[in-house]
Amino acid sequence: MELSISAIMAQKLQYNSVLNPITALAFQDAGETTYLLVAEDTWLGVYDLATSRPLGQLKIFYSQPIHGIHVSDSESSPANEESGVLIWGGQSVTVLPLSSLHALAQGATPSPPIELKAPDWIYDGILFPAGTSKGALITAHNEILPFLVSDDGHGLTFGSLTSPSRPILYSANLCRLDSNTILVAGGTVFGEIIVWKYYFDSSQPSQWEVLYVFTGHEGSIFGVSISGEIEIAPGVTIRLLASCSDDRTIRIWDVTDRQVSAPEGQEIDSKALAEARETGFGDNSEAKEENKNDSSRCLAVSMGHLSRIWHVKFGRSNQVINGPIEIFSFGEDTTRQRWELTLDLEKWKGRLTSDSESIATLQNCSTSSCHNGKNIWSAAVSVKGGQEPLIATGGADGKVVISGSRTGDTTQKYAHLDLTISLEDVLEQLQSSHKLSTMTVEEPMTKKGVKYAFQKYSFLSDDTLMATATSGRLFLANIANSVNWDEVHVSETVTADLRSYMVMKAPVKNSVILGGATGKVYLYRKGHGVSELAHFSGKISDIILLQDYQTEEERSWSVIITVLSLDHAVILNFDPSSGKSTTDPRKIVLTDHCIITASAFAGSSLIVGSRTGALTVHNTTSDSSDFIPLTSRRDPKGKDAITAISILPGSTNSFLAACRDGKYRIYTLSSSDKDPSLHLQHEISPPLGMIEGAWFSPINATETQLILHGFRGKHFVVWNESTRTVLASIECGGAHRPYACISPSTDPNQLRLVFTKASQMRLYSQPAPFLHTLKEGGHGREIRAIAASPSGQYVVTAAEDTNIRIWQSSPNQPLKCLAIIEKHSAGIQSMKWFNENYLITSAGSEELYIWRIARLNSSYDGLAVVCEAVWTDGTKDGDLRIVDFDLRHSSFDDTILIALVLSNSEMRTYTYSPAGQEFIFLSKGLYTGACPTQVRYISGTEHILTGYTDGHLALWHESTQNPSELKLSHPPIKIHQSSIKTLDLVADNNKWVIATGGDDNALGFVDLVYDSTGQGFSVEGRYRVKSAHAAAVTGLCAVSTSEKGVIVVVSVSNDQRVKLWRGEGGRGGFKVKLLDNKYSSVADAGDVEVITSEGSGGRRVIVGGVGMEVWDLE
Amino acid sequence: MGKSSKDKRDAYYRLAKEQGWRARSAFKLLQLDEEFNLFENVTRVVDLCAAPGSWSQVLSRVLIKGESFGRCAWQDREAKFRQNMLKVIPSDAAGDSDEVTKPNKPVNEGPRQDVKIVSIDLQPISPLPGIITLRADITHPATVPLLLKALNPDYDPETMNQQAQHPVDLVISDGAPDVTGLHDLDIYVQSQLLFAALNLALCVLKPGGKFVAKIFRGRNVDLLYAQLKVFFEKVYVAKPRSSRASSVEAFIVCINFQPPEGFKASLEEPLGVGGRLPQMQAEQQEATTAQDDAPNDDGIVDMEIEDLTPSNPQDQKSIRWVAPFVACGDLSAFDSDASYRLPDDHVSLDPVQPPTAPPYKRAIELRRANGGAYGKVPIASK
């Protein structure tokens, strides 16, 4: 007996990892480098900004997420080992000595923090500089809670609560004025801001003094921030308060200390409180008579965010006297915005007499989208002199993004540049350096009197750009920290040929090939000047490259030349060693007026992409020595051009095609040369409106990333598809303009871009993206469904925002996101795998998609995902939810049987054949009208199990009289008082144990027996664990066990506990044991799944909701 | 979502419009009443966080006008028929066999005598016959004298007395904050709203009175249940069928107010922050973690579990207790999670009252005026 219990005891949940919202951030100076302290649930992580590496993490609280970190200001307390870090969350508070932090950064495990409970929720805290060993916290009821730090730096002793009035707050900020005084700002739920002073020294007549009560915001105050002292005129300083609110406004208030005589603190007459008066929204603030005019201290109001604003913080202010004051705001819309406040000094001085005039303007300067889903929950801003401030943001997605890195990376070649250059500027520079071919600057005019402008751009190398003018002249720019211009001298006839029309491409490094209106093709090579390469019968309509433009110039190369109104295209080869070009005798035969827009060789086959989105495979055959079209397919819905074709690295038959429809697709060419066919493997829409280019970047020996660029709205966007990050987003005015861009082939983060805007050239160069991801995130919304593939190598998660992520799951490795699918338009209800190569997902609006999943045979490690089929047999309005579905192999052939349940109480069954890619209806059945929540095939039988919102289970089978009708196999089985939210079952010959989780907090077990001789099902027992959780049981999953008659399940709930249960039938009746019960970091848990890794047999439990967490099952 | 598709998606939204309720939440109170006989012998009621006023509307129609609402108000006849056919409900039983024991509802005979109903909200509430409406923040100390004066016009605020001379039978609150998405903060703010309602209730409720309030069933809700249990003989957590299963919302139903000896309610020393309530809990731990209830007679065997988890001192620090769960509204009630087919000629009605203006209303108006992000929203033509 003892033995068996210890065997059971061995089954436990062990913490593996979390990916939770980032709820607090703080910078900490650490000599050479800077640490970023990152709060993720109950954990504090330390990151080194110089290397972007995590150094260590420490569990701070037992079961309370961290909401705030205060690091004492290093400028007021020069690096002192005695000081520490104050950390709070909810009512929990602790102090961590710097020595603990340094130990953590060194990889050691410091002593665990001492968690103390404040009497109320904490919104902000402050730790005084070293030596004073004190600090204060502010509660959600506008009360200051002072504390003393113990000598060892680990403990706190609270003082007594002090408050001028106790409205409930949504935000607060504390600012140290002197060793005895704190300035307090509290933003209330009802839109008021109370500014008051707190004095530590109780020998003062009063411990507090109310300075201002600001009204004006029309909704709750979610963020307040007090600035430092700002010098606005010699010797004149002001102090500002910034606030942000539910009303979408940011307001700036003047909180410069007014000299009031004796504070009248304690006078807050309890009579005023007890007075019978109406309160709530409207003109009935906490403000007393003396505060009635405070709101005239509002200096500026502005709007910028699309939804609620959570934080506002001050940036640089003291660069020049009365220069612009920088402010940052962070919102629900995942953007951080930069603002500049400009103060009108004259008006400010006279403000007391004229308060109607705007004293200051608050200008929105930039908006950067930083996170997935919704909400920037935390932000930190660190200002050092006039340098660009360091800014970190943490999102609900668990990602940390920083900007303004102070440590320069020496491997970067590209300097930061952002220049606007006109053709006149170029000519003037050339004239002043006497490099002009003709001495006139006045020349740039066409015959019609229109000014000449830039025509085309090509990068010849990292630092050389060719820009051509509509006059036909060719200019070279050498780009370093500035730009130096040169002109490529060509004969007047060449200039005339290239005037007003040309195509230009850079086939290899330091070479440019140009085509003109008369059919002539020219080559410019560095050191060789311009020469004529070929002459065709008509206007050169395009030049298509057949190799990477970063190919070294010594290599021979080929391009496709397309000539206007010619029924074929030509391959032109060039051999640099001889300097000779040859025309390939094999013509590319074009049909149906195909206009080639992209092309590449896949082995001996030539893949051609057209302007209307078609892809055609050309090759020579035994009958033809020309490249004739052999097979073709067109996948874009509209007539959008294929913009790039790129062979997958390490592959000869798989290639990527980028398209202006915003998607890129990966195809595999079947090996048969005679009868080739194209198979679509992958089709995805990255967040780019039009994809114009795609290339593979081998960032190191083991990893290759896919880089895309294109236009989204008015922006040119460079997107890293492998890391799913924006590398650059530059406002250019939109698509349809000449542009060129270049990056070092192994570093896509560096970028140079040139484009025409308003007849001028804009040259942009970045050494690194503006935003840098310090820590990868996941979904930014609540996870609603999780499914692990049978082998355990993939886990798929779906979130509230309809996004699906496929993760690579391997034991002892963090989950790695392989793909994001954005196709569903309604909330995802259920997901299941069928083998390793099919994923099926269902959602509201009657969406059910079948996805084919494959690994690509390439050093590019992306996952290929394509939507193979869409279920279309829905209702006229298409507004039902497909709440759940289940799958099984057909016992006859390779088809898949699908049972799906709809929100109108219906169940339907279908077969799906991967070969035909179609659904065939089999049967349907209707329950009472109650909404189904679950459906499962019962293995080994022809029956289907369903669960409903009315707390019942039902068993169904096809009617023998009418096979298209589903009939009940057994009267509905009651197991819960309200909705069955989740279920799982284990089989043992003709017996099943069904485990259910209910909205009624209960766990249910049903013992089911099937008599195949005709008696059908019988329910042997129904068992219930009341109050199995303190809230609805939202997820449950069976853990496979070899023991007969035993079911082990893991359950999750809105109560944020994850529990492991064991149910066991037997002679003594059914018994339930609770094996484990742990705090879960996942709020609003939506699902739980057990991952069993093939081979190792290791099992992990993954919980998804607000964030996700992984447990090892031991 | 348009009105018409919402009619299909949400049966109670449609029913509320058809039956003249200001909001669908009226059905939640009606279904709670059906299960717990909340209005039995009740004449004096305080409704907190009342806007837009659908709960006050229920009070007005039941207590003042003497109307009676039963299952027919929300029964789905087709579902009832199918339930009998599929044997979800044995046809001989009236469908009550699987519910918590429940006395038969007395037939309501006309308006009651000496009815006094006071409704409070932050937002103004459109007037309702026979109901005193106040605009006030229930967390504010000034609200107690305001409420006491409304309940008893002779009340003198100068006395500073925070106890009602003429206490009430029932205090209800359907209040919820606008959630931020930061779950533990939302749970905290909701619990503060619940405590604000409780603090007011403790000032005005007579011994034996009832208290009903919205609760979020999230982390640490078991701490709240245990704290409420200090003041009431019975505490249930109830989920009406009109409340969606997918929502964390539920209602705490507290029966038979029994203030602990020597307890004096005061908004000067409110419960919900600080150590007063945990202290009281520690003094009477027995009462806060036990409740005698008739077992469910639905034939499901309730299991005693064997707990093999080691006791964790961190988990022992606070007193936790899970209130019994009660589903309200019988099985034939419309399912708030299901989609319903409506006849082709279905005419979607306008809501009885438009929703209250959000704080960002002006932001939307400004954006629209500037042709901004919301500018594309078509403005309804007159």
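**Exercise 1. Asp121(B)**

Find the strand of chain B in which Asp121(B) lies, and work out why Asp121(B) counts as buried.

*Solution.* Step 1: Asp121(B) belongs to strand 2 (residues 116-121) of chain B. Strands here are DSSP runs of E with at least two residues, helices are runs of H or I with at least four residues, and both are numbered from the N terminus.

Step 1: this is a predicted model, in which local features need pLDDT of at least 70, side-chain atom pairs count only at pLDDT 80 or more, and totals for chains, interfaces and linings use all residues. Residues are numbered from 1 along each chain as its sequence is written, while chains are lettered from A and ligands numbered from 1 in the order in which they are written.

Step 2: Asp121(B) is buried because 25 other C-beta atoms lie within 10 Å. The cut-offs are 20 or more other C-beta atoms within 10 Å for buried, 12 or fewer for exposed, and partly exposed in between, with C-beta atoms placed from the backbone.

Step 3: setting aside neighbours within four places in sequence, the contacts of Asp121(B) are Cys49(B), Ala50(B), Ala51(B) and Arg135(B). A contact means that the C-beta atoms of two residues, placed from the backbone, lie within 7 Å.

**Exercise 2. Annotated positions in chain B**

Step 1: look at Trp55(B), which sits in helix 4 (residues 54-64) of chain B. Trp55(B) is buried, since 28 other C-beta atoms are within 10 Å. Not counting residues up to four places away in sequence, Trp55(B) touches several residues, among them Ser25(B), Leu29(B), Ile172(B) and Asp174(B).

Step 2: turn to Lys214(B), in strand 5 (residues 205-216) of chain B. Lys214(B) counts as buried because it has 21 C-beta neighbours inside 10 Å. With residues up to four places away in sequence left out, Lys214(B) touches Ser173(B), Asp174(B), Gly175(B), Ala176(B), Glu249(B) and Phe251(B).

**Exercise 3. Where the chains meet**

Describe the contact between chain B and chain A, and name the strands that pair across it.

*Solution.* Step 1: 71 residues of chain B contact 80 residues of chain A. The chain B side comprises 33 nonpolar, 16 polar and 22 charged residues. Here Ala, Val, Leu, Ile, Met, Phe, Trp, Tyr, Cys and Pro are nonpolar, Asp, Glu, Lys and Arg are charged, and the others, Gly among them, are polar.

Step 1: strand 78 (residues 1016-1025) of chain A pairs in the parallel sense with strand 8 (residues 301-302) of chain B over two bridges. Pairing requires that DSSP finds at least two bridges between the strands. To find this spot, look for Tyr1023(A), opposite Val301(B) in strand 8 of chain B.

**Exercise 4. Strand 40 of chain A and its partners**

Which strands of chain A are joined to strand 40 of chain A?

*Solution.* Step 1: strand 39 (residues 557-563) and strand 40 (residues 568-575) of chain A run antiparallel, joined by five bridges. Trp557(A) faces Phe574(A) in strand 40 of chain A. Four residues separate the strands of this hairpin, where Ser565(A) has a positive phi near 55 degrees.

Step 1: strand 41 (residues 580-583) of chain A is joined to strand 40 of chain A by four bridges, also antiparallel. Leu572(A) is opposite Thr583(A) in strand 41 of chain A. In this hairpin, with four residues between the strands, Gly579(A) takes a positive phi near 75 degrees.

Step 2: two bridges link strand 40 of chain A to strand 42 (residues 588-589) of chain A, running antiparallel. There, Ala569(A) has Ile588(A) as its bridge partner in strand 42 of chain A.
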